[in-house]
Amino acid sequence: MAKFESLSVARWIDRGFYRLTAAFAVGIAGILVWILVTLFQTAYPAIAKFGLGFLFSSRWSVQEEIFGALPLIYGTVVSALVALAIAVPIGVGIAVFLTEDFLPAQIRTPIAFVIELLAAVPSVVYGLWAIVVFIPFVKPVLELVHQVLGWIPLFGSAPTNVGLMYTSLILAIMISPTIIAISRDSLVSLPPQLRQGALALGATRWETILKVLLPASLSGIVGAVMLALGRALGETMVAAMLIGSKNAISASLFAPGQTIASMIANQFGEATGLQRASLLYAGLILMLITLAVNVLAELIISRFQQVEH
Amino acid sequence: MTPSPPSDHLSDTQPGSSPPNTSVESQFAYGVSPGRKAFGAFMTTLVVGCALLAALPLFSILWTVITNGVAHLSPRVFTELPPPPMVDGGGFRNALMGTFWVLLLASLISVPFGILVAVYVSEFARDSQFSKFVRFGINVLSGVPSIVAGLFSYGVVVLLMGGFSAWAGGVALAVLMLPIVERTAEEGLKSIPPEIRQGAIGLGATNFQTISQIVLPSALPFIATGVTLSLARAIGETAPLLFTALFNQFDAKSLSDPTATLSVLIYNFSTSPFQNQKDLAWVASLLVIGIILVISIVARRIAQRQAF
């Protein structure tokens, strides 16, 4: 009798444990939904008042209680894209450098470690370093660019101590480890026959890399770029410290601007009522943009993994 | 690493380094044309330049943080409260304690959660459609911007409790730690050979006994690695704490009070016009980076001690 009882107790525990783990697994999806619902609920006053017009209006006035997010969305997207334009060629170049037998393995490992360290530095320390070291160092360079190429609207304003370009440059440093790591993985996982075949046909190392290996690992690299884009879009502290917090759309990359994340970081602490709801609305938009980018990245990377196996 | 193709005789970086090749070239005049060689050399220089360019900021950051941080490091920073402007000395014991408590709360939420999800995905539903869906959810969750995690915690905890607190900061960080913990725990569980489970089941153990007494202990190094890596990420996060844990000039009296953390202290003091507060921001940066380094090295060490 006692034996049967203990057996049924064991079975009951077993069932319970299975259900517990299953419940938490469902909880992962639950958290994502919960985040979206929470943002929607708390942002609802602003959503109800401004609707989709919020996305296209560029006025942000606390006194008049009129809020529009166009400059924030512009700043978010442009700063991230400029960062990508800088980080992708450099990151892919380093990934090639680390995989294609340029270096003996003994040197390769410490370099990979250094790059991992770049990813480990907290963003707030990047911001502090940028204010004290990086901006004084880079500003003369940007001034030169402005003097020579100032007739191009992109460089049309004189650089100050804050600006979108600094944000993009630091973002580029921050996202390059992501690009390097994933591009490297996809280059390493290419079948060796591709290299051997190209070399046997008489291609040089660089012809092999540029015409065979990089096209073959393109989907992995695109996935890496998308993940890095997601990170750059959502990065807060660097933008809050460097971009200058000016709610305006300027053609010049050297002018100050504002991103969704930096706006929330700057204003949320003191915001109440409709302003707070509007900031949450902007946060919801940021969440949806990064969600779309990340889902796309996932799909691209998983497709590339299926091709591999 | 990469199975290396026998590319040395074709190497465009060291022309003439292998005599047989040059003799073949001169015999048939079929060698790699100078233009292609020059292009190769140019590209090689370019990627070497890229690698140096990427290493430069890191060394500059480490150098600046270490020199500025060590210069103002003293035992007082661990025992005193943040100073008012213009007053020399002071420290950030409140931020140290605050960071500890917020991270502890975040771990208490995210570690059991992550391990249970990993157990489900790896032990009960491996390769099922649903576990692929969970994996997808984890990947999406790891892409949630940290400030959105802060807004979430604000909407759920701060509004509910009626104020900023260590609890709110812990919840926000837990959202960011969860995917890291789950991923490494899942990898660890999947690396345990199936024979171990079959042996336990064969001896009459239930699933629960097998997992809790055999599989999880074997995967412990992986789980510990995941926890330490997630802590390394969480300790540097600032954005999700700005309006959840907020900040506190003094010691937090309880977990329901606004709480100072190292990362928010760095942010607040880095934009301060007063030199003594800026100095403290550097010391805090040094401390945070040092902790992250130690944590990462510990994680590597643990990861090497695998049972299988």
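Student: Which residues of α8(A) are buried?
Tutor: The buried residues of α8(A) are A:G220, A:I221, A:G223, A:A224, A:V225, A:M226, A:A228, A:L229, A:G230, A:A232, A:L233 and A:G234. Buried means under 20% relative accessible area, exposed means over 50%, and partly exposed is in between (1.4 Å probe, protein chains only). Before going on: this is a predicted model, where local features need pLDDT of at least 70 and side-chain atom pairs count only at pLDDT 80 or more, while totals for chains, interfaces and linings use all residues. Residues are numbered from 1 along each chain as its sequence is written, chains are lettered from A and ligands numbered from 1 in the order in which they are written, and side-chain values use heavy atoms, with hydrogens and water left out.

Student: Why is α8(A) described as largely enclosed?
Tutor: Because 12 of the 17 residues of α8(A) are buried, the rest of the structure largely encloses this helix.

Student: What does α8(A) span from end to end?
Tutor: Helix α8 of chain A, residues 218-234, reaches 25 Å from its first C-alpha to its last, close to the 24 Å expected at 1.5 Å a residue. The expected span is 1.5 Å times one less than the number of residues in the helix. Helices (H or I, at least four residues) and strands (E, at least two) are DSSP runs, numbered from the N terminus.

Student: OK, chain B now. How many helices and strands are there in chain B?
Tutor: Chain B comes to 12 helices and 0 strands. Of its 308 residues, 50% count as buried.

Student: And α10(B), what does that pack against?
Tutor: The buried residues of α10(B) pack against α4 (93-124), α7 (166-190), α9 (207-218), α11 and α12 (275-304) of chain B. Among those buried residues are B:P221, B:F222 and B:I235. α10(B) has 16 residues and reaches 22 Å from its first C-alpha to its last, close to the 22 Å expected.

Student: What about the loops? Where is B:T238?
Tutor: B:T238 sits in the loop between α10 (220-235) and α11 (262-270) of chain B. With 0% relative accessibility, B:T238 counts as buried.

Student: Which residues does B:T238 touch?
Tutor: Leaving out residues up to four places away in sequence, B:T238 touches A:V124, A:M237, B:S263, B:V264 and B:Y267. Contact means heavy atoms within 4.5 Å.

Student: And B:S165, buried or exposed?
Tutor: B:S165 counts as buried, at 0% relative accessibility. This residue is in the loop between α6 (146-161) and α7 of chain B. Its contacts, not counting residues up to four places away in sequence, include B:T244, B:D257 and B:P258.

Student: Change of topic. How many residues of chain A are in contact with chain B?
Tutor: 78 residues of chain A are in contact with 78 residues of chain B. The two chains bury about 7300 Å² between them, 81% of it on carbon and sulfur atoms. Buried area is the accessible area (1.4 Å probe) that two parts lose on being put together, summed over both.

Student: Which residues of chain A lose the most area to chain B?
Tutor: A:F17, A:I28 and A:W206 do, and together they make up 9% of what that side buries.

Student: How many salt bridges cross the interface of chain A and chain B?
Tutor: The rule finds 1 salt bridge there. A salt bridge is a side-chain nitrogen of Lys or Arg within 4 Å of a carboxyl oxygen of Asp or Glu. Here the side chains of A:E207 and B:R36 meet, at 2.7 Å from N to O. A:E207 lies in helix α7 (residues 205-216) of chain A and B:R36 in helix α2 (residues 34-72) of chain B, so the pair joins two chains. A:E207 is buried, with a relative accessible area of 14%, whereas B:R36 counts as partly exposed at 28%.

Student: How many salt bridges are there over all chains?
Tutor: The whole structure has 8. One of them is formed by B:R197 and B:E123, with the closest N and O atoms 2.6 Å apart. B:R197 lies in helix α8 (residues 194-202) of chain B and B:E123 in helix α4 of chain B, so the pair ties together parts that are 74 residues apart in sequence. Both B:R197 and B:E123 are buried.

Student: Which residues are linked in a network of salt bridges?
Tutor: B:R135, B:E186 and B:K190 are linked that way.
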